[in-house]
Amino acid sequence: MLSEFKTFIMRGNVLDLAVGVIIGGAFTGLVKSLTNNLIGPILTFFTGGTSDLASLKLVITKELTFKYGAFINDLINFLITAFVVFLLIKVINRLFRTNKEKAVEVNPELEILTEIRDLLETEKKA
């Protein structure tokens with residue numbers, strides 16, 4: 001049972017997933033920092049000088065408050081993350097497409113030999 005578990009853990013997919021989770025956690029912190037420290041101040045300039053977007057809110061009554069600034073922060077974080085994932089997938093697809101095209105290239109000698117074989121088979125049948 002222990003050896004089966006070791007085999008399962010050492011499979012490439014599990015290791016890739018573990019690396020993805022670790023890098024995803026680090027990337028989340030990076031995106032939040034980008035939003036809070038760079039994009040936030042730029043938007044602050046346009047929103048009337050509030051130092052933190054999360055503090056933007058619309059108070060209807062004491063019990064009814066809409067914290068739209070926190071939503072804007074989360075939306076920006078999502079858009080940045082989605083854009084970076086889009087770029088990564090685009091690059092990965094381009095790399096795999098290039099590798100597949102190289103693999104599909106047929107050796108010219110092999111192609112000629114295949115044609116000769118096919119011609120000999122058709123002459124044999126005739």
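Is D118 buried, partly exposed or exposed? I looked it up: at 34% relative accessibility, D118 is partly exposed. Buried stands for under 20% relative accessible area, exposed for over 50%, and partly exposed for what lies in between (1.4 Å probe, protein chains only).

**Ground rules.** I note that the model is predicted, that local features need pLDDT of at least 70 and side-chain atom pairs pLDDT 80 or more, while totals for chains, interfaces and linings use all residues. Residues are numbered from 1 along each chain as its sequence is written, and side-chain values use heavy atoms, with hydrogens and water left out.

**Salt bridge.** I stayed with D118 and asked which residue forms a salt bridge with D118. The partner is R117, and the closest N and O atoms are 3.2 Å apart. The term asks for a side-chain nitrogen of Lys or Arg within 4 Å of a carboxyl oxygen of Asp or Glu. Side chains of opposite charge can pair when their charged atoms come close. R117 counts as partly exposed, at 46% relative accessibility. I searched the whole structure and found one salt bridge.

**Layout.** I listed four helices and two strands. From the N terminus, the order is α-α-β-β-α-α. Helices (H or I, at least four residues) and strands (E, at least two) are DSSP runs, numbered from the N terminus. Of the 126 residues, 9% count as buried. I took contact as heavy atoms within 4.5 Å. Among contacts with a separation of 6 or more, 33% join residues 24 or more positions apart.

**Helix α2.** I picked G40, which sits in helix α2. G40 is buried, with 7% relative accessible area. Leaving out residues up to four places away in sequence, G40 touches T35 and L53. I also checked G40 against A54: they are 14 residues apart in sequence and 9.4 Å apart in space, C-alpha to C-alpha.

**Helix α3.** Next I turned to N77, in helix α3, residues 68–104. Which residues is N77 in contact with, leaving aside neighbours within four places in sequence? I found V31, K32 and T35. N77 is buried, at 12% relative accessible area. L75 lies in helix α3 too, but L75 is partly exposed, at 37%.

**Pocket.** The largest pocket has a volume of about 190 Å³. On a 1 Å grid over the protein atoms alone, a pocket is an open set of points where a 1.4 Å probe fits, with protein on both sides within 12 Å along at least five of seven lines; lining residues have an atom within 4 Å of a point. I noted the lining: I23, F27, T81, V84, V85, L88, I89 and I92. Helix α3 gives the largest share, six residues. Helix α2 (12–47) and α3 each supply at least two.

**Surface.** The accessible surface comes to about 10900 Å², and 69% of that belongs to carbon and sulfur atoms. Accessible areas come from the Shrake-Rupley method with a 1.4 Å probe. I marked a nonpolar patch of about 470 Å², made by L58, I60, L64, F66 and Y68. Such a patch takes residues with over 30% relative accessible area and no salt bridge, and joins nonpolar side chains (Val, Leu, Ile, Met, Phe, Trp, Tyr) within 5 Å. F66 is in strand β2, residues 65–66. F66 is partly exposed, at 43% relative accessible area.

Conventions: Patch = residues over 30% accessible without salt bridge, like charges linked within 9 Å, V, L, I, M, F, W, Y side chains within 5 Å. Points joined across faces, edges and corners; volume = space filled by probe spheres on them.
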